Amino acid sequence: VVECASREVLAWFAARPQPAFALFGRRHNVNLASVGPETTPVITTIARRLIALGHQRIVMLSRSARRLPKPGEFERAFLTELGTHGCPVGPYNLPDWEESSEGLHRLLDSLFRLTPPTALIVHEAPQFIAALRFLAQRGIRVPEDVSLISTDPEQACTWCEPALAHISWDASIVARRVVSWADKVSRGKKDRRQTHIKAEFIEGGTIGPARGDRRALP
């Protein structure tokens, strides 16, 4: 079972005779059994909602496996939707960053010092929590100054009041699918079925209208 792997890694496993299973990752169009949420339509919904609220400077923090060697389907849908609505599109919207605590904070410091985003979409719960703390430490209010969205259905999102804006999907399907695949493999059966879990956007309380008068950090 290969978790959150790049397309190149999954293609390598798909070409080998040993059974392998892709748990999340860039599994689309790879001939490998897999499971994960179908979030591409949801990111289009999120982008449209933010644009309708007046947001133009929208930044997505995505890990390198999702950006390189070229953006994944999820990221491409996000950038395409921005461009469709006339928003400037470029590296600012999907920035490169070093995947470490220091790298994340350097990126956030740069973003909010030069051209502060009015909306920030963060892929995983740990980075989302780090971003939330970064903003709080600098007196940047959510959602009054910046809208904040997590694409991860972390349970912490629903324990907050109001709930944090996030993408939600049924995680219990993941375990059932992996067990089903393992059972078939143990009986010598081939299983390369890809399971796509329906996802939805929970707007929560960390998204609001854009503010055009907020200044960068001093």
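This is a predicted model: local features need pLDDT of at least 70, side-chain atom pairs count only at pLDDT 80 or more; totals for chains, interfaces and linings use all residues.
User: What about F24 and W169, how are their rings arranged?

Analyst: F24 and W169 make an edge-to-face aromatic pair, with 5.8 Å from centre to centre and 65 degrees between the planes. Because F24 sits in the loop between strand 2 and strand 3 (33-38) and W169 sits in strand 7 (residues 165-169), the pair ties together parts that are 145 residues apart in sequence. W169 has 15% relative accessibility, so W169 counts as buried.

User: Switching to charges, how many salt bridges does the structure hold?

Analyst: The structure holds 14 salt bridges, and as a general point, side chains of opposite charge can pair when their charged atoms come close. One of the salt bridges joins the side chains of E203 and R49, at 3.1 Å from N to O.

User: Which parts of the chain does that one tie together?

Analyst: E203 lies in the segment after strand 8 (194-202) and R49 lies in helix 2 (residues 40-52), so this pair ties together parts that are 154 residues apart in sequence. E203 counts as partly exposed at 29% relative accessibility, and R49 also counts as partly exposed, at 33%.

User: And what does D96 pair with?

Analyst: The side chain of D96 meets that of R67 in a salt bridge of 2.6 Å, N to O. D96 is in the loop between helix 4 (73-84) and helix 5 (101-114) while R67 is in helix 3 (residues 64-67), so the pair ties together parts that are 29 residues apart in sequence. D96 is exposed, with a relative accessible area of 63%, whereas R67 counts as buried at 5% relative accessibility.

User: Which residue does R106 form a salt bridge with?

Analyst: R106 forms a salt bridge with E98, and the closest N and O atoms are 2.7 Å apart. R106 counts as partly exposed at 48% relative accessibility, and E98 counts as partly exposed at 45%.

User: New topic: where is S34 found, and what is it in contact with?

Analyst: S34 is found in strand 3, and S34 is buried with a relative accessible area of 0%. If neighbours within four places in sequence are left aside, the contacts of S34 include F21, A22, R27 and R177.

User: Last one, how far apart are V9 and V142 in space?

Analyst: Their C-alpha atoms are 37 Å apart, and V9 and V142 are 133 residues apart in sequence. V9 is found in helix 1 (residues 7-14), and at 35% relative accessibility V9 counts as partly exposed.

Conventions: Residues are numbered from 1 along each chain as its sequence is written. Side-chain values use heavy atoms; hydrogens and water are left out. Rings of Phe, Tyr and Trp (its six-membered ring) pair if their centres lie within 6.5 Å; planes under 30 degrees apart count as stacked, over 60 as edge-to-face and the rest as tilted. Helices (H or I, at least four residues) and strands (E, at least two) are DSSP runs, numbered from the N terminus. Buried means under 20% relative accessible area, exposed over 50%, partly exposed in between (1.4 Å probe, protein chains only). A salt bridge is a side-chain nitrogen of Lys or Arg within 4 Å of a carboxyl oxygen of Asp or Glu. Contact means heavy atoms within 4.5 Å.
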